[in-house]
Amino acid sequence: MPTAAKLFAAMAFAAAAYIAAGIYATGLPEGTPTGLLGPVSAALGLVCGWRVSGALAGRGLAAAMGTGVRTSATIAFWALLVFSTARMLRDSTRMIYDGPVEALQGVFSWGVIYGRLLLAPEVLAALVLGGIVGGWLSEWASQRWR
């Protein structure tokens, strides 16, 4: 059921994911295409904010901030999975992999490469701060419009 908390969480985490993706893009190697990084991350933030943080709103401010950080971690996981799978698919059309098992291993190897870049302090700070603010906004909306 749609609630104000879910709406606020979805919007806050879409913005947080978009900002974090912009910061993440600055650490990528020169020439890496980043056209869809922001919009796809924002879409993931929208869905995760609605389904994770918005659904768990109303349990208090401390729990909301913890849920916000959890939501940011969920966004990061799904973004790594989506972008590493997209990279594997792009590589597979170039016939880089010998078979489907090697292609699946490619998803995980790209996930590790992209995950290392995710551990930059600026990106982690954006995800944690965005999570705290998103959780707080979700809790505020939950308390405001019961």
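Analyst: What follows is a question-and-answer walk through the chain.

User: Fine. What am I looking at, and how are residues numbered?

Analyst: This is a predicted model, in which local features need pLDDT of at least 70 and side-chain atom pairs count only at pLDDT 80 or more, while totals for chains, interfaces and linings use all residues. Residues are numbered from 1 along each chain as its sequence is written, and side-chain values use heavy atoms, with hydrogens and water left out.

User: How many helices and strands are in the chain?

Analyst: The chain has 5 helices and 0 strands. Helices (H or I, at least four residues) and strands (E, at least two) are DSSP runs, numbered from the N terminus. Along the sequence the pattern reads α-α-α-α-α.

User: What does the C-alpha trace span?

Analyst: About 55 × 30 × 20 Å along the principal axes of the chain.

User: And how much of the chain is buried?

Analyst: Of the 146 residues in the chain, 38% are buried. Buried means under 20% relative accessible area, exposed means over 50%, and partly exposed is in between (1.4 Å probe, protein chains only).

User: What share of the contacts comes from residues 24 or more positions apart?

Analyst: Among contacts in the chain with a separation of 6 or more, 75% are between residues 24 or more positions apart. Contact means heavy atoms within 4.5 Å.

User: Switching to charges. How many salt bridges are there?

Analyst: Searching the whole structure gives 2 salt bridges. The term means a side-chain nitrogen of Lys or Arg within 4 Å of a carboxyl oxygen of Asp or Glu. In general, side chains of opposite charge can pair when their charged atoms come close.

User: Which residues are linked?

Analyst: R87, D91 and R94 form a network of salt bridges. D91 pairs with R87 at 3.6 Å, N to O. D91 also forms a salt bridge with R94, where the closest N and O atoms are 3.9 Å apart.

User: Where do D91 and R87 lie?

Analyst: Both lie in helix α3 (residues 61–93), 4 residues apart, which is about one turn of the helix.

User: What about M95?

Analyst: M95 sits in the loop between α3 and α4. Its phi is positive, about 60°, although M95 is not a glycine. M95 counts as exposed, since its relative accessibility is 69%.

User: How do α3 and α4 cross?

Analyst: The axes of α3 and helix α4 (residues 100–118) come within 8 Å and cross at roughly 130°. That angle makes α3 oblique to α4. Angles under 35 degrees count as roughly parallel, over 145 as roughly antiparallel, 65 to 115 as roughly perpendicular and the rest as oblique. The axes are lines fitted to C-alpha atoms, for helices over the stretch in contact, and angles run from 0 to 180 degrees between N-to-C directions.

User: Which hand does that crossing have, and which residues make the contact?

Analyst: The crossing of α3 and α4 is right-handed. Residues in the contact include R87, M88 and D91 of α3 and W110, G111 and Y114 of α4. A crossing is right-handed if the near helix is turned clockwise from the far one by less than a right angle, and left-handed if anticlockwise.

User: And α1 with α2?

Analyst: The axes of helix α1 (residues 4–25) and helix α2 (residues 37–53) come within 7 Å and cross at roughly 145°. Among the residues in that contact are F13, A14 and Y18 of α1 and G45, L46 and W50 of α2. The α1 and α2 crossing is right-handed.

User: Where is S142, and what is it in contact with?

Analyst: S142 is in helix α5 (residues 121–144). Leaving aside neighbours within four places in sequence, S142 is in contact with A5, A57 and G58. S142 is buried, with a relative accessible area of 15%.
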